[in-house]
Amino acid sequence: MLWETARRTLDLSAKGVIMGIVNATPDSFFDGGSYADPTSAIAQGERMAAEGALIIDIGGESTRPGAQPVPAQEEMRRVLPVIRGLRKNPDILLSIDTSKAEVARAAIAEGVDILNDVTALRGDPAMMALAAESNVGVVLTHMQGTPQTMQDNPHYEDVVAEVGNFLRQQTAEAVASGIRLNRIIVDPGIGFGKTLAHNLRLLRSLEAFAERPVLVGFSRKSFLGKLVGSTELEDRFWPGVALTAYCRNKGALIFRVHEARPHCDAMRMTESLMEGPAL
């Protein structure tokens with residue numbers, strides 16, 4: 001279970017990784033634009049790294065349900081200063097969360113290590129070739145529809161089989177395009193064109209996607225509130241931490257979260273129970 005990124009190869013055979021989220025946007029569903037200013041975004045990234053996040057994932061365009069696209073120039077204006085600021089810390093691996101090849105190319109030039117594309121390299125016809133010619137790690141995510149349409153009555157005959165088939169097909173296409181297999185990890189796309197029932201089936205079946213390292217991103221998403229009977233954003237926090245422990249036990253290896261320390265603690269505690277030495 002190796003994952004090659006631009007500056008480092010991660011051995012995920014025994015220990016998972018926390019990917020901290022920095023939304024350099026004015027319309028984040030989680031923080032409402034608290035990190036739209038580069039100085040605040042850089043500070044947040046540094047804080048999460050200090051609390052256990054090995055990777056910081058920087059995004060300049062919201063992908064929440066119903067979010068509207070942002071022009072590439074505006075997206076770059078938001079993310080490039082944050083990348084430059086965090087790149088000064090050599091211990092942090094940087095990820096760019098974008099589906100635009102123009103933004104990805106500029107971010108790679110600034111030194112990001114990972115390309116996290118919610119369209120699985122399909123949203124921009126130039127993205128697959130760009131990923132192939134670079135040496136960044138790649139996250140392939142399943143999404144039914146687009147952020148504007150994905151929650152408009154999503155439907156599957158068998159969500160686990162369909163998501164698994166999609167991820168295998170996209171992985172094969174990426175490899176055929178020149179992306180080394182060890183540079184690829186997969187994300188079943190919790191909340192990206194899925195109902196509550198779809199999300200739960202996928203989470204219970206993470207082993208089905210484990211041909212490559214599996215990333216999960218469910219931090220603060222609305223289905224967590226549904227499960228505990230609350231509409232308040234803050235009430236999604238502890239359910240998410242509990243889900244990190246559950247998903248690590250089910251084989252997930254990368255956790256994309258808004259708060260690093262509690263998720264890191266839950267992940268490491270679970271790993272101790274899974275693989276710790278006998279006392």
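User: Over how many bridges do strand 5 and strand 6 pair?

Analyst: Keep in mind that this is a predicted model. Strand 5 covers residues 93-97 and strand 6 covers residues 114-117. They pair in the parallel sense, and the number of bridges is three.

User: Which residue of strand 6 does D97 stand opposite?

Analyst: Look across from D97 to strand 6. The residue standing opposite is N116.

User: Which strands stand at the edges of the sheet?

Analyst: Eight strands form an open sheet with parallel pairing, and the order reads 8-7-6-5-4-3-10-9. Strands 184-187 and 215-216 each have a single partner strand, so one side of each is left without a neighbour in the sheet. The edges are therefore strand 8 and strand 9.

User: Which strands does helix 9 touch?

Analyst: Helix 9 spans residues 260-275 and packs on the sheet. Its direction makes about 160° with that of strand 3. The strands touched are strand 3 (17-23) and strand 10 (254-257).

User: How does helix 2 run relative to helix 3: roughly parallel or roughly antiparallel?

Analyst: Helix 2 (residues 72-87) and helix 3 (residues 101-109) pack at an angle of about 20°, their axes 10 Å apart. Angles under 35 degrees count as roughly parallel. That makes the arrangement of helix 2 and helix 3 roughly parallel.

User: How many nonpolar residues does the contact of helix 2 with helix 3 have?

Analyst: Helix 2 brings A72, Q73, E75, M76, V79, L80 and I83, while helix 3 brings E102, V103, A106 and A107. By class, one is polar and two are charged, and the nonpolar residues number eight.

Notes: Residues numbered from 1 in each chain as written. Predicted model: local features only at pLDDT ≥ 70, side-chain atom pairs only at ≥ 80, totals over all residues. Heavy atoms only, no water. Pairing = 2+ DSSP bridges. Helix = DSSP H or I, 4+ residues; strand = E, 2+ residues; numbered from the N terminus. Contact = heavy atoms within 4.5 Å. Axes fitted to C-alpha atoms, helices over the stretch in contact; angles between N-to-C directions. Parallel < 35°, antiparallel > 145°, perpendicular 65-115°, else oblique. Nonpolar A, V, L, I, M, F, W, Y, C, P; charged D, E, K, R; others polar.
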